[in-house]
Amino acid sequence: MTTPFLEIRGIRKEYGPVVAVHDVNLEVDRGELITFLGPSGSGKSTTLYILAGFEEPTRGDILLDGETLLATPSHRRNIGMVFQRYTLFPHLSVGENIAFPLRVRRWSKADIDARVRRMLELVRLNGYEDRKPAMMSGGQQQRVALARALAYDPPILLMDEPLSALDKKLREEIQHEIRRIHHETEVTILYVTHDQDEALRLSDRIAVFSQGCIDQVGTGPQLYAEPATRFVAEFIGDSDFLSCDLVGSNGTTADIRLGDDLVVSGVPLHGRPGERARGALLLRPERMDLSRQAGPDKTGLPVQISDITFLGSNIHVAAATGWGETVSVRLPFGHQSISGLSRGDTVWLRFDPGAAHVFT
Amino acid sequence: MSSHAVHSITAAKLPRRRKAGGLRGFGGAMPATFLVILFFVVPVLALLLRSVLEPAPGLQNYETLLGSTTYLKVFANTFIVSTLVTICALVIGFPVAWALVIMPSTLTRIVFAILLLSMWTNLLARTYAWMVLLQRTGIINKTLMQLGVIDQPLALVNNLTGVTIGMTYIMLPFVILPLYGVIRTIDRAVLRAAALCGATRWQALTRVLLPLAAPGMAAGGLMVFVMSLGYFVTPALLGGTSNMMLAELIAQLVQSLVDWGLGSAAAFLLLVVTLALYAVQLKIFGTRQMGGR
């Protein structure tokens, strides 16, 4: 068995009676870009801060190449970090900011100059060397911060929502840059964000945090297609949930009843099936279909259309079930099943049971 | 008549108000301007006139002041003590201001209350308290002797040591308050960034925190230095008769010797030095916003 590059082993952080991080375990491969995705207060930033050495865990260990990192103070961990807020040294120029970690490491002047130039090239800010941070835009400042964090070849780069203060267009541009820099430098990146688009766009793998725990770790498609918990299903991609009754189960799949009489069998089951338990059926908007007829096998659920929105390549149809829950169906433009439909019409909602999920 | 002149100037400027940004709202500031002229500019001019007119027209008062070793020693004393007090106040004040920023807010409020209370306590009372503490049989000498650190009591009072100690104490709030204001605006994430960049605590202090706090250091330091230059009560009580400071000299010249000309010249020199220092500070820190970011 090989030692993982970075291992977070049973990390727990308590602030008095509040448990911020609940026994988090995670293994990260060398060169991987992994995002910690979760809402605020889910423990993702605390975990990152423990890695940085700003917080000490109540329990657990962090191993880099099999050696514990916890005994090393922040300034000797040789970890790079880009922060949520702009943390460039305001009294130093861009070049001096990038040179700062090299100066404290007592590099020679020639080496520092060469490295600063290379880092400015890496983040595509050649010529900005003498600017003061206050004279640069937020996006540029975060690029300089990235250059400063990578200047000393750290094995790990931590990023704590570095783009949350930027507008959407700029954010996408820098996400692209981060991808490119990640490929060029092959540094291992741990990236904290609450933005699922950002996580999906950037990551090799995503660790979904919820209430201090990692609910699931996997690639974007894995998390989308096979969410382990209802929270993951809600957080990654768009989702509709319908409440249902569990009428039978073999442990991995369940038979469910929707409304009064529609029974669907063979839906993948997550969680423990209790007797006569209630469940939540996860349906993805693009994996549902609408039809004017019930169909021969009678697997359609009658719903009433409450709204139709045209969005270019897609059409969103909002519909209500007989018991008052709503689903939102996404159909490609020109899809025949909805031509001529309008608000108030009743149609049959159909889906593939094997591609749906039921959570208890 | 002078008020009439000011009126006509204002009226003439009014149509061009938008262009002349510096004069915008001058009309409203006029009473204040008049008061400043009456209570500040006029007395200073009177001072200057007296220094060159009494006892006879000419610069002989300045020649006397700058030509005699006695008076030069007073100037030297004043600058040495003021410099020492400024340095001591900054060295002690910086950690206190930093502590005030990072401590829990309830504690901050308590420490501020203590600081203000000491500022509001009568200056004489505080200076006499230092006399008691610093004298040969005072608690400081007694403690040091009992601990065996010294054999003979130290001469801590009636000399410049005593003046420096007493004035440092009195000036501390004037360093701590502006420093607190500046340090509070420094984002502490910047210090975390410095730590992750590999900076030791000392490097983070000298390369990041101190440069960022420099405007506050300059503001507080200048205020203390200037106040020290003209300070009277503490040097008079804690200092000896042999090493006088400038304010004592002025008092003696005017009160005992009734030499208004020489006294005015000394006071005017003090003012010139003060303004020169202020100009230097403005030159270095300019109109740049006082603050970390």
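1. A salt bridge is taken here as a side-chain nitrogen of Lys or Arg within 4 Å of a carboxyl oxygen of Asp or Glu. With that rule, a search of the whole structure returns 24 salt bridges over all chains. One of them joins the side chains of A:Asp153 and A:Arg115, at 3.3 Å from N to O. This pair links distant parts of the chain, 38 residues apart: A:Asp153 sits in the loop between helix H4 (138-150) and strand E7 (156-160) of chain A, while A:Arg115 belongs to helix H3 (residues 109-122) of chain A. Helices (H or I, at least four residues) and strands (E, at least two) are DSSP runs, numbered from the N terminus.

2. On provenance, this is a predicted model, in which local features need pLDDT of at least 70 and side-chain atom pairs count only at pLDDT 80 or more, whereas totals for chains, interfaces and linings use all residues. Residues are numbered from 1 along each chain as its sequence is written, chains are lettered from A and ligands numbered from 1 in the order in which they are written, and side-chain values use heavy atoms, with hydrogens and water left out.

3. Between the chains, the contact (heavy atoms within 4.5 Å) takes 23 residues from chain A and 19 residues from chain B. Chain A and chain B bury about 1,900 Å² between them, with 66% of it on carbon and sulfur atoms; buried area is the accessible area (1.4 Å probe) that two parts lose on being put together, summed over both.

4. What polar links cross from chain A to chain B? There are four residue pairs in polar contact, both residues being at pLDDT 80 or more; a polar contact is a pair of N or O atoms within 3.5 Å, where within protein one must be able to donate a hydrogen and the other to accept it, and residues adjacent in sequence count only if both atoms are side-chain atoms. The count of salt bridges between chain A and chain B is one, and it is formed by the side chains of B:Asp187 and A:Arg85 (3.3 Å, N to O). On the side of chain A that touches chain B, helix H1 (44-52) and helix H2 (94-104) of chain A are the elements that give two or more residues, and H2(A) gives the most, with four residues.

5. Within chain A, the domain assignment, which is automatic or from a database, gives domain 1 (6-234) and domain 2 (238-359). Their C-alpha centres lie 39 Å apart, and ten residues of domain 1 of chain A are in contact with ten residues of domain 2 of chain A. The area buried between these domains is about 850 Å², of which carbon and sulfur atoms give 52%. In domain 1 of chain A, A:Tyr224, A:Arg230 and A:Ala233 lose the most area to domain 2 of chain A, together 59% of what that side buries. The count of salt bridges between the two domains is zero.

6. Chain A also has an open sheet of four strands in the order E2-E1-E4-E5, with antiparallel pairing; two strands pair if DSSP finds at least two bridges between them. Strand E2 (18-28) and strand E5 (67-68) of chain A are the edge strands, each pairing on one side only. Seven bridges join strand E1 (residues 6-15) of chain A to E2(A), and the bridge partner of A:Lys13 in E2(A) is A:Val21.
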